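Student: I would like to learn how to read a structure like this one. Could you take me through some features, one at a time?

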Amino acid sequence: MAVGPRSRAELLAVLDDLVTCVRSANERFDQGKFLEARGLAGYVRRLLHQSGESQALIGQLGLEDDLTWVDTAGVPNPKTTSAAACLTLMRIRTGVPGGGSYVPKLAIYPPAPIRTRSGGHIERGSRIPFEHWWTNPVVKDDDGEQYSRKQLVLALAGQNDLESREAFETLADSRSLGWVLSGGAAVARALDASPVIASVRQIGYEVLASIRQQRDIIDAAVDEPIVIHTLSA
């Protein structure tokens, strides 16, 4: 069902609103409100996730093939069997209770090459095509199962479309990571004990950096009416 044409200017205003929402959620997360990762995942989903049941705002703007995306993670080394959390750093706690917590890298990462899906290397913080950025594995659990940015975002966003349900179920089945999706377990344990929450925060960082670096491309698009289609009830 078409809901009528929307100009590119109107869609850019929606983009600006979403960017503000992502930035605000990032700030609240950084203040220790780790449950903001769920809202943050929802904003990123609305911005980027394209499916038969959902239209990505970037796709509505016709920019899905024009923009590239900041990659601070690379992909896990396929030769290692250990768990990996490529979007985060481990902060070691001292004293009681000790242990460590996962924190997003933000802009604090070494200028070291990261691995690409083809096995090559690029500088960390380089921009890569959307399909690679969205679907590359960035987290590996204790059993060797790997999860992409897309899976992490859809699992936490809490929507009821097929892809979101599949992402939720896949992550929930992880023996080492699935507890973050359980309300009781998540309350009983510190959320920063899992790389999932911090990874979504880092995705928020990458999204804002990507848009900021390419704002000239976004604003230079020709203004023309766009018909937005939604599913009938």
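This is a predicted model: local features need pLDDT of at least 70, side-chain atom pairs count only at pLDDT 80 or more; totals for chains, interfaces and linings use all residues.

Student: How many residues does α2 have, and how far does it reach?

Tutor: Helix α2 covers residues 36-48, which is 13 residues. From its first C-alpha to its last it reaches 18 Å, close to the 18 Å expected at 1.5 Å a residue.

Student: Next, salt bridges. What is the general idea?

Tutor: Side chains of opposite charge can pair when their charged atoms come close. A search of the whole structure here finds 9 salt bridges. One of them joins the side chains of Arg28 and Glu36, at 3.0 Å from N to O. Arg28 is partly exposed, with a relative accessible area of 28%.

Student: Which residue forms a salt bridge with Lys150?

Tutor: Glu163 does, and the closest N and O atoms are 2.7 Å apart. This pair links distant parts of the chain, 13 residues apart: Lys150 belongs to helix α5 (residues 149-157) and Glu163 to helix α6 (residues 162-172). Lys150 has a relative accessible area of 21%, so it counts as partly exposed. Glu163 is also partly exposed, at 26%.

Student: What separates Arg215 and Asp219 along helix α9?

Tutor: About one helical turn, because the two are 4 residues apart in α9 (residues 215-219). Arg215 is partly exposed at 23% relative accessibility, and Asp219 is partly exposed at 44%.

Student: Which residues are linked with them in a network of salt bridges?

Tutor: The network links Asp16, Arg215 and Asp219.

Student: How should I read a distance between residues that are far apart in the sequence?

Tutor: Thr20 and Leu208 are 188 residues apart along the chain, and their C-alpha atoms are separated by 9.5 Å. Thr20 sits in helix α1 (residues 8-30). Thr20 is partly exposed, with a relative accessible area of 41%.

Student: Now the strands. In which direction do β3 and β9 run, parallel or antiparallel?

Tutor: They run antiparallel, and 2 bridges join β3 (residues 84-85) to β9 (residues 137-140). Ala84 stands opposite Lys140 in β9. Strand β9 is also joined to β10 (residues 146-148) by 3 bridges, and these two strands run antiparallel. Val139 has Tyr147 in β10 as its bridge partner.

Student: How many residues lie between the strands in the hairpin of β9 and β10?

Tutor: There are 5 residues between the strands, and in this hairpin Gly144 takes a positive phi near 90°.

Student: Last topic: what is a disulfide?

Tutor: A disulfide is a covalent bond between the sulfur atoms of two cysteines. This structure holds 0 disulfides.

Student: Are Cys21 and Cys86 buried or partly exposed?

Tutor: Cys21 counts as partly exposed, at 28% relative accessibility. Cys86 is buried, because its relative accessible area is 11% and the cut-off for buried is under 20%.

Definitions and conventions
Residues are numbered from 1 along each chain as its sequence is written. Side-chain values use heavy atoms; hydrogens and water are left out. Two strands pair if DSSP finds at least two bridges between them. A salt bridge is a side-chain nitrogen of Lys or Arg within 4 Å of a carboxyl oxygen of Asp or Glu. Buried means under 20% relative accessible area, exposed over 50%, partly exposed in between (1.4 Å probe, protein chains only). The expected span of a helix is 1.5 Å times one less than its number of residues. A disulfide is a pair of cysteine sulfur atoms within 2.5 Å.
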